[in-house]
Amino acid sequence: MKWLKAHPQNPITIPNTKLHVPKGHGENIWLWHHTDAGHVVYSLTPQMDSNKALAQFPYTGKKLVPPKLRRDYWAPFLQIQFPAGQGEIGRSVWQKLLELKKRHELEWGDEVRQEYYCMSREERGRAINDQRANVIADIAAVLGGLGKGNKIVLKDEKTGKEAGLCDAKVFWTNARDRFYAASWPENVTHWVGLPRKGVESVQLDVAEPEPAVEEKEAKEGEEGEAKEGEVKEVKEGEVEKKEGEATSGKL
């Protein structure tokens, strides 16, 4: 076989290998979570693809990675929406979120490493699988412009300088989940309820962030235990009082 050589009259043309991007692809990012293990899956389509979803799970231990997806174990987590025609920004954000999720699962800090090494293999695997809190914190950071080459950071065409952040909407199935993030950028608005036909979502205000969900639940649990202790003391006092009355009556 003879090698082809370019000639001024017959130049070699390279075919266009750029993939065709469907209209609106990347304007929405859907997230699902495993109701038992806490796995989180990112998707650019409203239906979760089994092969692409399973590729997002690292090996965390024996019988801790689902071999297949069962619909009864998965539920919608949240949805991120960008303005129409900004699919390129959505695909950039999706890539950053996947990279951060992979780093949470495989790259641990010193404090987390010490905590994981004190666990058994099964406990450590379950802790790594549950990425819901980390995912929400990552979304707040990436939508705020975190990451080199993050296209949510708009630039002026003339000067090339930063011109702000692209607007984004986050639709929640559980409104309390948004407080896993310490703060949210101003370009993000929050809504309760996923956008569906015939269903209106309600906009939320996060001007005054509440404490983290885990801290709030722990505080509620301590208050409940304190109230239970008070009730027990009152009941014990009533029993002692009745016993004293009974003994005085016998005398």
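In this predicted model, the buried residues of helix α2 are Gly87, Ile89, Gly90, Ser92, Val93, Lys96, Leu97, Lys101 and Glu105. Val93 is also among the residues with the most contacts inside the largest nonpolar core.

**Helix α2**
- Helix α2 covers residues 87-106, and its end C-alpha atoms lie 29 Å apart.
- This agrees with expectation, because 20 residues at 1.5 Å a residue should span 28 Å.
- The cover over the buried residues of α2 includes the strands β1 (28-34), β2 (40-43), β3 (74-81) and β4 (153-155), together with the helices α4 (121-129) and α5 (132-143).

**Nonpolar cores**
- The largest nonpolar core comprises 27 residues, and Leu31, Ile80, Phe82, Val93, Ile139, Leu143 and Trp184 have the most contacts inside it.
- Two or more residues of this core come from each of β1, β2, β3, α2, α5 and β6 (168-172).
- The greatest contribution is that of α5, with 6 residues.
- Beyond its neighbours within four places in sequence, Leu31 is in contact with Val40, Val41, Tyr42, Pro76, Phe77, Leu78, Ile80, Val135 and Ile139.
- A second, separate core has 6 residues, including Trp30, Trp32, Val41 and Trp74.

**Second largest pocket**
- The volume of the second largest pocket is about 280 Å³.
- This pocket is lined by 15 residues, of which His34, Ala37, Lys63, Val65 and Pro66 are the closest to its centre.
- The lining of the second largest pocket consists of 7 nonpolar, 3 polar and 5 charged residues.

Key: Residues numbered from 1 in each chain as written. Predicted model: local features only at pLDDT ≥ 70, side-chain atom pairs only at ≥ 80, totals over all residues. Heavy atoms only, no water. Helix = DSSP H or I, 4+ residues; strand = E, 2+ residues; numbered from the N terminus. Expected span 1.5 Å × (residues − 1). Buried < 20%, exposed > 50% of the residue type's maximum accessible area, 1.4 Å probe, protein only. Contact = heavy atoms within 4.5 Å. Core = buried A, V, L, I, M, F, W, Y, C linked by side-chain atoms within 4.5 Å. 1 Å grid on protein atoms, 1.4 Å probe; cavity = no way out; pocket = protein on both sides within 12 Å on 5 of 7 lines; lining within 4 Å. Points joined across faces, edges and corners; volume = space filled by probe spheres on them. Nonpolar A, V, L, I, M, F, W, Y, C, P; charged D, E, K, R; others polar.
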